[in-house]
Amino acid sequence: MPPIRLTRPTLEVLKVLMASKPDDPAWGLKICLEAQLGSGTVYPILERLERNGWITATEESGPHPGRPARRYYALTSAGAQFTREAFAARSITLRPAFGGGNSL
């Protein structure tokens, strides 16, 4: 597997994933809004992170009338460790979740 290039957009996506909680998981549009990036940037990053074992993705279960099922993303333990190390190496601090924890 090629290493993950930790570009600014990738770091922004990782910040959102680090701030997500089990009761408020990260999903595509939410990640785009919180990272302030377009879907054409976010989804390729998510695919690379998943392919490299940094994140897992699960489909939304339960009702979701009027829209497709969401795909939830979470860091693996290895992905969280790599992210913490990358942030420490760059002196990056995590910011609070977008909107003070309000769900979209």
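A salt bridge is a side-chain nitrogen of Lys or Arg within 4 Å of a carboxyl oxygen of Asp or Glu, and the structure shown above holds five of them. This is a predicted model, in which local features need pLDDT of at least 70 and side-chain atom pairs count only at pLDDT 80 or more, while totals for chains, interfaces and linings use all residues. Residues are numbered from 1 along each chain as its sequence is written, and side-chain values use heavy atoms, with hydrogens and water left out.

**View 1. Lys30 and Asp24 are joined by a salt bridge.** The nitrogen and oxygen of this pair lie 2.8 Å apart. Lys30 has a relative accessible area of 3% and is therefore buried (under 20% relative accessible area, where exposed means over 50% and partly exposed in between, with a 1.4 Å probe and protein chains only). Asp24 also counts as buried, because its relative accessibility is 19%.

**View 2. Lys15 and Glu12 pair within helix α1.** Their side chains meet in a salt bridge of 3.3 Å, N to O. Both residues belong to helix α1 (residues 8-19), where they are three residues apart, about one turn of the helix; helices (H or I, at least four residues) and strands (E, at least two) are DSSP runs, numbered from the N terminus. Lys15 counts as buried at 15% relative accessibility, and Glu12 is buried at 12%.

**View 3. Glu60 forms a salt bridge with Arg67.** The closest N and O atoms of the two residues are 2.8 Å apart. Glu60 is buried, at 13% relative accessibility, whereas Arg67, at 30%, is partly exposed.

**View 4. Glu50, Glu59 and Arg71 form one network.** These residues are joined by salt bridges that share partners.
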